[in-house]
Amino acid sequence: QIASAWFSNLGSVKLAQLELANWPDREAMKEPSPEELRSVESYFERSIHLNPANRTGHYRLGLTAFRQGDFDTAIKFLERSHQIDNSHRGIHKALGYSYVWEGRIEEAFELLIEIPEARYEMNIYAGWWGRQGREDLQQKSVEISQMLGEAGVPINSNPSAE
């Protein structure tokens, strides 16, 4: 288990280095490329090979797939990490968002009702997906936002505005 934790932590550090490569120049910051993301995935794969119950390995593989728009693969890894730790807020949110964009709206709702900023962010995503020409994902974002609204989640739940 120590080696497994070592590889998942090393992968997390390598991923953070990619994400922060041009920091603090916000204008020059960019999303890691698919090739760069694949270069860190091997650390997470190794961690779960050594310990199939390594939450971080599954979670980070889910996040790298999510960032590449492979929501089906993201769900596979995020569901496993959720089974390992069903109280992790980041897992709830990433899994919920992946469910939205895979059209699994009811499952998404069950997770996202617990995330106060989800409705606000889904409205932001609706606009973003529209600008990307992904009306299908735009509509799914609108649909979950409406469901959250009907459940009483306010639209102004932007944690950065507090």
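Predicted model: local features only at pLDDT ≥ 70, side-chain atom pairs only at ≥ 80, totals over all residues.
**Packing of α6 and α8**

Two packed helices are described by the angle between their axes and the distance between the axes. Helix α6, spanning residues 105–112, packs against helix α8, spanning residues 135–150, at an angle of about 50°, and their axes lie 10 Å apart.

On the α6 side, the contact is formed by Ile-105, Glu-106, Ala-108, Phe-109 and Leu-112, which meet Lys-140, Glu-143, Ile-144, Met-147 and Leu-148 of α8. Classified by residue type, the contact of α6 with α8 comprises 7 nonpolar and 3 charged residues, with no polar ones.

Phe-66 belongs to helix α3, which covers residues 55–67. Phe-66 is buried, because its relative accessible area is 16%, under the 20% cut-off. Leaving aside residues up to four places away in sequence, Phe-66 touches Phe-71, Ala-74, Ala-94, Tyr-97, Ser-98 and Trp-101.

Pro-154 is located in the segment after α8. With a relative accessibility of 42%, Pro-154 counts as partly exposed.

The table gives C-alpha separations for one pair involving each residue.

| Residue pair | Separation along the chain | C-alpha distance |
|---|---|---|
| Phe-66 and Leu-78 | 12 residues | 9.5 Å |
| Pro-154 and Ile-75 | 79 residues | 27 Å |

Note on methods. Residues numbered from 1 in each chain as written. Heavy atoms only, no water. Axes fitted to C-alpha atoms, helices over the stretch in contact; angles between N-to-C directions. Helix = DSSP H or I, 4+ residues; strand = E, 2+ residues; numbered from the N terminus. Contact = heavy atoms within 4.5 Å. Nonpolar A, V, L, I, M, F, W, Y, C, P; charged D, E, K, R; others polar. Buried < 20%, exposed > 50% of the residue type's maximum accessible area, 1.4 Å probe, protein only.
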